[in-house]
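Hello,

Below is the structure I said I would hand over. My notes on it follow; please read them with the model open.

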Amino acid sequence: MLRGPMAADAPESTLESSAASPLGGVGDSAREALSSALARAYSDFDLYRSRFLGAGLTGEDIRTSRPLDVLWRLPMLDACDLPALFRQSLDVNRGIIDVEASSGTTGERKRRLITRGDADLETRVLARAFGICGVVPDDRVACLDTGPLTLMASFTEALDHLGAAEAYAFTMSTDPTATVDGLAALDPTVIMTIPSVLERVLGRLHERLESGRLSLRTIVYAGEPLPAPARAGLESLGVEVFSYYGSSETSTLGIECRSHCGLHLFTDTAIIECVPGSGGADERVVVVTTLYQQGLPLLRYSLKDRVRVINGPCPCGLPYPRVEVLGRADGSVSVLGVKLSYQSIRDAVYGAVSGAGPMQATLTGGEPDMLILRLPTRLADREKAIRESLFGHEPDIAFLVGAGFLGLRIDFVHESSWHGFRKAHLADERNAPEGANR
Ligand SMILES: [Zn+2]
C-alpha cells in the first residue's frame, strides 16, 4: 500500500524532489547505476529497506520512479549506521577480499568490506586521479607511510595499473635522517604520503632538494590538511603538490588538478550532495551516495567533511565539479594519518573494567607525540588490563606505540579533583604554545 504523496497511479514525475541537488549534475550512466544501487539496497539490506518503507517508498516505487526522486526521499545515513550495514553486508556479499578499518567516533570501528569489484574500481579511479596529477609511466613513486597497518596498498596497485616505472611502499622510521637517506637512494620522482609524515622529514627533504640531489618533482598527500607554509616551501623548490581526497568509508572521492584551483570530485562514481552545515554561508557538508560500492553501499551518507563549492569551469578543462575542503567535523584526531577518536579509546579502556566512567584524553607534542589518559584512582591497579584492552581494541594505537611513533601515559587522578575536569573529547594540544600543555 502506497502512502503519502506516492499515489499508486502517480506518474514518476510527480514525486516531490527535496531542495537537495547533486553536485555537478547526474549523467545517464550514473542515473542507471543509481537505479541498480537503490534496488539492491532495498532487496538485500534490512537497514535500507526499513528506511525506504519509513519514507513511504516500496519496491514498486523504486522500480518505476526516477532514481534521484527516490534518493532524495531517504533520510541521511550516519556513522552510527555503519556497524549494522557492515554486518548485513557480510551476509550478502560473497568474495570479500579485504576489510578497511579505521577508528570510529561512535565507539565501534568503521569497517568497509571490499569485494573484488570494489578493488578493481578503486584501482581504475585511483589511476585516473594520479594521471590528473601528471604521474606518467616514467615515474618512480614512493608511497611513504608509517607501517604495514596504514600502508597505501591500493595506491601502489593503481600505480602499477598506470604503468609507473616503479611503485613501492616505503616505511618511515622514527629517525628522519635515516628515512630521507633511504628514500634518496631510491630517488623517487613522486612521493605519496600523509602531511604529518611529510612534516617529520621535510627539513631533510629540503636539504636534498636544495642541493639538487633528489629528482622529486611531485608530492601527493592524503588524510590530513597540509599546512600552507609546508606547501609553499616545496613549491619554491620546484615540487608540485597535490591533495588527494578520500575517506575510509568510500575510498577515492577526488583529486587536485594541475591548475591547483580546488579539488575535483568524481561525480561519475558517487553522487555528491553539498548540504548547508552549521558554519558560514558558503560552508557545506558533504553527503555521499556510492554508485558502485558493493561491500559498503552508501545511500546519502553524511561524511561530515566541510567544503566550499567552487563554481565555474576549471582552467584544466576537467568536467568534474570542484570544492575546497575546509575541514573534517567528525571529532577524530590524526596521528601520522591514523585517526584516533575519544569515544573508541574510552570504550576500549572501560572494556577492561566492565563498566563505564569518565576519562580525559590529551594529545601533546614532542618526540614522539604523547597520548595522555587520565582515569579515576579506583582503576589504578588495573593499568595493565587497561593497556591490553586499549591495544586489543585499537590496533592502530598499539602499532604507533609499539613502533615508537606515539607515547602512551595513563595518569590516575583522585576522584575529589575530578569534578569540572572531564572533557568528552580528545584534546589535541600538539601545536599549543609552550607551557600550555597540561
Ligand atoms: Zn582542474
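Donors here are N, O and S atoms within 2.8 Å of the metal (3.2 Å for Na, K and Ca), and because water is not among the atoms, sites may look incomplete. This is a predicted model, in which local features need pLDDT of at least 70, side-chain atom pairs count only at pLDDT 80 or more, and totals for chains, interfaces and linings use all residues. Residues are numbered from 1 along each chain as its sequence is written, and side-chain values use heavy atoms, with hydrogens and water left out.

Zinc site. The zinc ion has as protein donors C257 (SG), H264 (NE2), C314 (SG) and C316 (SG), at 2.1 to 2.2 Å. Angles among the 4 donor atoms run from 104 to 113°, and the site is tetrahedral (for four donors, all angles between 85 and 135 degrees). The ideal angle for four tetrahedral donors is 109.5 degrees. Along the chain the donors are spaced C-x6-H-x49-C-x1-C. C257 sits in the loop between β8 (251-256) and β9 (263-265), and C314 in the loop between β12 (301-310) and β13 (322-328), so the pair ties together parts that are 57 residues apart in sequence. Helices (H or I, at least four residues) and strands (E, at least two) are DSSP runs numbered from the N terminus. Both C257 and C314 are buried (under 20% relative accessible area; exposed is over 50% and partly exposed in between, with a 1.4 Å probe and protein chains only).

Helix pair. The axes of α9 (residues 195-210) and α10 (residues 228-236) come within 11 Å and cross at roughly 20°. Axes are lines fitted to C-alpha atoms, for helices over the stretch in contact, with angles from 0 to 180 degrees between N-to-C directions. The two helices are therefore roughly parallel (under 35 degrees). L198, L202, H206 and L209 of α9 make the contact with A230, G233 and L234 of α10 (contact: heavy atoms within 4.5 Å).

In α5 (residues 82-92), the buried residues are L82, P83, L85, F86, Q88 and S89. Their cover includes α2 (46-54), β1 (96-102), β2 (110-115) and β12. T290, in strand β11 (residues 283-290), is buried at 6% relative accessibility. Leaving aside neighbours within four places in sequence, T290 contacts A37, T250, T269, A270, L296, P297 and L298. A185, in helix α8 (residues 176-186), is exposed, with a relative accessible area of 67%.

Regards

How values were computed:
Tetrahedral: all angles 85-135°; square planar, octahedral: opposite > 155°, others 65-115°. Parallel < 35°, antiparallel > 145°, perpendicular 65-115°, else oblique.
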